[in-house]
Amino acid sequence: MTNADPVLKISVRGLRKSFGRKRVLDGLEIDCDSGKSLVIIGGSGTGKSVLVKCILGLLHPEAGSIRIDGIETVGLRRAARERLTQKFGMLFQGGALFDSLRVWENVAFGLIQGRGMERAAAKDIALAKLAAVGLGAEAGELRPAELSGGMQKRVALARAIAAEPEIIFFDEPTTGLDPIMADVINDLIVKCVREVGTTAVSITHDMISARKIADRIAMLHEGRIVWHGPTEEIDRSADPFVDQFINGRAEGPIQMQIRAA
Amino acid sequence: MLTFLAAIGTVFLGFLAATGRIVMFAGLALATTFTPPFYLRAVLREMVNIGYFSLPVVGLTAIFTGMVLALQSHTGFSRFAAEGAVATVVVLSVTRELGPVIAALMVAGRVGAAMAAEIGTMRVTDQIDALTTLSTDPLRYLVLPRLLAGVITMPMLVVVADIIGVFGGYLVGVYKLDFNPQAYLDGTRQHLETMDVVSGLVKAAVFGFIIALMGSYHGYYSRGGAQGVGQSTTYAVVSASVLILVVDYLITAAFFGR
């Protein structure tokens, strides 16, 4: 980064995280500009979710730096962390909807509990966000368990964007959805980034989704970023890890654990 | 021999580490008590869960405990012609000891398990992480209301258990053992002191805290899907039950030990 560069929205340097003897992140470095969409690809168990959880403050790295808007966030105290969290939205892979609350209460949760908004005003916003993901007001009165998997994913997306956060993390946003619904979700993510100016960081295995929503793609392997660049350059990356992954080949430098056993 | 000592040392160190983790967990949750936001509705909901919905099971166990106590003490005391002490023994045993302990063990099985299962399921389905990303402290939102509700509600529940337990003794004393009703009531009142009831209620408040803490702690640190949640439910009930009996002795020693 030169002095002429604007402040990066997210800047990660030398990030290390282990679970027991297994080192999951090993000096990882990555940046994301404000208002851009970064997609992180990589095999299962390579640490993509761990990276996002470290940025969100859900996991504590052993070493390294995570800067948001130029401010160091590793080691933040509780109150400062709570303020920082207001910048974030997160779509969890399994939805992580609250079973005991109705759908609209799930979507409005961050507004009511996190920001102290009145229930009536928060409900109006929740219903508008539900409409944006193609769900009517009647769905808002149901419990999450009464919805299909695809509908739950859309509710989770509505919840992630409800408070209009500056940075949204998407963990496998299209997994488990039919191709049409997956494209609807992709469109919504693109809309968030292009129209609202949100910064998006997504984790996915779905290359169709990655190509559609990403401004830049980064490939994570064995705890490090092995390639990153603009989306349009991924097909001519000349990186054997990227080539194997985007073409879905069993043969190549990435060895699945089942093959190594 | 060295291996044996090392094993004892490992178990002891593990015990100390677990105690430290539980104390830290409780401390972090309680530290949120006096700063907003306050989740009063959640506290009330937990009070209804712990108190109102436990009434049937606590009432049933209390009445039979009182009845058995009257019957047993009568057969024992009749051996040295002290049947007249039955009413006093029943009321002292129930208020000081059996009311709080039996009620707490029942609530530990019913509510402690449910708390661990609910919070544990939230943990393994990322709902607790979701709370954090929605600017809500999970300790403040999930744990503190349960701790407060446990401390507030258990003494109320034990007052009911005490009354029902003494009534159970009265039923057996009057209708089976042919005590004069007035004499039985006089025996109940005569030797009962305020401290007998107060010590029972203090125990109840501490037991309520233990049940909620164990349920929340084991649920909060659940790992590994359905199996992990099942395991945390078991740990919550077993650890709460053992702690209730240990702490019962310590509080009794503090109040009445010489």
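This is a predicted model: local features need pLDDT of at least 70, side-chain atom pairs count only at pLDDT 80 or more; totals for chains, interfaces and linings use all residues.
**View 1. Chain B is built from nine helices and zero strands.**
Along the sequence, the elements of chain B follow one another as α-α-α-α-α-α-α-α-α. The C-alpha atoms of this chain fill a box of roughly 65 × 55 × 35 Å, taken along the principal axes. Chain B has 258 residues, and 45% of them count as buried. Of the contacts in chain B between residues at least 6 apart in sequence, 88% join residues at least 24 apart.

**View 2. Helices α4 and α7 of chain B cross at roughly 45 degrees.**
Helix α4 of chain B spans residues 86–124, and helix α7 of chain B spans residues 181–190. Their axes come within 7 Å. Angles from 65 to 115 degrees would count as roughly perpendicular and angles under 35 as roughly parallel; α4(B) and α7(B) are therefore oblique to each other. The crossing of α4(B) and α7(B) is right-handed.

**View 3. Residues of α4(B) meet residues of α7(B).**
On the α4(B) side, the contact is made by B:A87, B:T88 and B:V91. On the α7(B) side, the residues are B:Y184, B:G187, B:T188 and B:Q190. By class, the residues of this contact divide into three nonpolar, four polar and no charged.

**View 4. Four strands of chain A form an open sheet.**
The strand order in the sheet is β2-β1-β4-β5 (chain A), and the pairing is antiparallel. Which strands lie at the edges of the sheet? The edge strands are β2 and β5 of chain A, each of which pairs on one side only. In a regular strand, side chains alternate between the two faces of the sheet.

**View 5. Strands β1 and β2 of chain A are joined in a hairpin.**
Strand β1 of chain A covers residues 10–19, and strand β2 of chain A covers residues 22–32. The two strands run antiparallel and are joined by eight bridges. One of the residues to look for is A:K17, whose bridge partner in β2(A) is A:L25. Two residues lie between the strands of the hairpin, where A:G20 takes a positive phi near 65 degrees.

Within the pair, A:I68 stands opposite A:I71 in β5(A).

Definitions and conventions. Residues are numbered from 1 along each chain as its sequence is written. Chains are lettered from A and ligands numbered from 1 in the order in which they are written. A residue is buried if 20 or more other C-beta atoms lie within 10 Å of its own, exposed if 12 or fewer, and partly exposed in between; C-beta atoms are placed from the backbone. Two residues are in contact if their C-beta atoms, placed from the backbone, lie within 7 Å. Axes are lines fitted to C-alpha atoms, for helices over the stretch in contact, and angles run from 0 to 180 degrees between N-to-C directions. Angles under 35 degrees count as roughly parallel, over 145 as roughly antiparallel, 65 to 115 as roughly perpendicular and the rest as oblique. A crossing is left-handed if the near helix is turned anticlockwise from the far one by less than a right angle, and right-handed if clockwise. Ala, Val, Leu, Ile, Met, Phe, Trp, Tyr, Cys and Pro count as nonpolar, Asp, Glu, Lys and Arg as charged, and the others, Gly among them, as polar. Two strands pair if DSSP finds at least two bridges between them.
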